[in-house]
Amino acid sequence: MNNFTRNYEKILETLQSIESQMNFLNQIRKPRLSDIELIAIDLTSEFLGIDSERDLFRKLPIDLLSKIDRSVYNRRKRRLFYYRDLLRRKVALSISNQDYYIIDSMPLEVCKLSRSYRSQICKEEYETAPDKGYCASQSNNNYGYKLHAICTIDGVFTDFDLTQASIHDIHYLKDIKSMYNDCTILGDKGYLSIDYQRDLFSSNQIKLEVPMRGNQKDYKPQAYIFRKSRKRIETLFSQLCDQFMIRRNYAKSFDGFKNRVLSKIMALTVIQLINKLNNRNINNLKTRIA
């Protein structure tokens, strides 16, 4: 209990150093637990590896447990999705702001492929329903979604999005054009497209640096520094899978699924900020923060 309280207070203090506002939602009566405190509880549970709300409310200290009910906690956390994402962007911007970025994607299963025909997970709306996709790096088929993400060279997530598993990586570049300019983005061969590269550069001066295929005309190997730097986002994905268990899914709706993914990415980013404030390696996530 004391361990939870100390970590919670440290995370809350860090969030308050970035955001002065305590409540984001318009509520008739002032809640006993503010929105920023609710977000801090969520991030603390992710940092400590408490991966379900049921387990969280078993371990929640009595002084916090007395302020909110589990069902209210769940509903308010979902309603706060937009404000939580804005806060995550503020935290990321305070850690690192560069002209070089890395883009990549990873599959996120909602259930095993053999159960996909009878599964009802996240199927409440056709537009957001999961589907089958193929992951070239893992050489297997999966059923669910695909996480597209962009991070800095230092390893700080700046943006992310969820699409159906069948959507090709290259389509995420359409969103990049409206969010970035005057920068260089490193990607793997999945983003190789001369048309997209020209479009990004002509519209927003974005240089898309992608390795060429071996059978391409005028083939040139990619510079070693780019190949080495691109591994940073793969390490971040591994940390999300290992420490934050992003591939374990308890959500039954897409709203719950996207909130779950946001919590884990935001928790990772806040720990990076705490490491920076303590003059430590920001990517050393398995560390004591309090």
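Contact, as the word is used here, means heavy atoms within 4.5 Å. The model is predicted, and local features are given only at pLDDT of at least 70, side-chain atom pairs only at pLDDT 80 or more, whereas totals for chains, interfaces and linings use all residues. Residues are numbered from 1 along each chain as its sequence is written, and side-chain values use heavy atoms, with hydrogens and water left out.

Leaving aside neighbours within four places in sequence, Phe157 is in contact with Arg88, Ala92, Ala149, Ile150, Cys151, Ile233, Leu236, Phe237, Leu240, Ile265 and Leu268. Phe157 also belongs to the largest nonpolar core, which has 67 residues, and is listed there among those with the most contacts inside it, together with Leu15, Ile41, Leu147, Phe257 and Val261. A nonpolar core is a set of buried Ala, Val, Leu, Ile, Met, Phe, Trp, Tyr and Cys residues joined through side-chain atoms within 4.5 Å; buried means under 20% relative accessible area, exposed over 50%, and partly exposed in between, with a 1.4 Å probe and protein chains only. Helix α10 (residues 254-277) gives the most to this core, with 12 residues. Helices (H or I, at least four residues) and strands (E, at least two) are DSSP runs, numbered from the N terminus. A second, separate core of 16 residues includes Tyr172, Tyr180, Cys183 and Tyr191. In soluble globular proteins, nonpolar side chains tend to be buried together.

Helix α6 comes next. Arg84, Asp85, Leu87, Arg88, Val91, Ala92 and Ile95 are buried in α6. These residues lie on the same side of α6 because they cover an arc of only 160° around the axis, the arc being that of the directions from the helix axis to the C-beta atoms. Tyr82 and Leu93, on the other side of α6, are exposed. An α-helix has 3.6 residues a turn, so residues three or four places apart point the same way.

Helix α5 (residues 70-79) has Tyr73, Arg76 and Lys77 buried. Viewed down the axis of α5, the buried residues fall within an arc of 100°, and therefore line one face of the helix. They pack against α2 (35-47), α3 (53-59), α6 and α10.

Within α10 itself lies Gln272, which counts as buried at 0% relative accessibility. Its side chain is joined to that of Asn283 by a polar contact of 2.9 Å. A polar contact is a pair of N or O atoms within 3.5 Å; within protein, one must be able to donate a hydrogen and the other to accept it, and residues adjacent in sequence count only if both atoms are side-chain atoms. Beyond four places in sequence, Gln272 is in contact with Ile95, Gly155, Val156, Leu236, Ile282, Asn283 and Leu285.

With 11% relative accessibility, Asp169 counts as buried. Its side chain makes a polar contact of 2.9 Å with that of Ser105 and another of 3.2 Å with that of Lys146. Outside the four places on either side in sequence, Asp169 touches Ser105, Lys146, His148, Gly190 and Tyr191.

In strand β1 (residues 100-109) is Tyr101, buried with a relative accessible area of 7%. Among the residues that Tyr101 touches beyond four places in sequence are Ile150, Thr158, Tyr180 and Cys183.

Ser139 has a phi of about 55°, lies between β2 (131-135) and β3 (140-152), and is exposed at 54% relative accessibility. Met245 has a phi of about 50°, lies between α9 (224-242) and α10, and is buried with a relative accessible area of 17%.

Finally, the cysteines: zero disulfides are found in a search of the whole structure, a disulfide being a pair of cysteine sulfur atoms within 2.5 Å. For Cys111, the closest cysteine sulfur is that of Cys122, at 9.3 Å, which is too far for a bond. Cys111 is buried at 6% relative accessible area, and Cys122 is buried at 0% relative accessibility.
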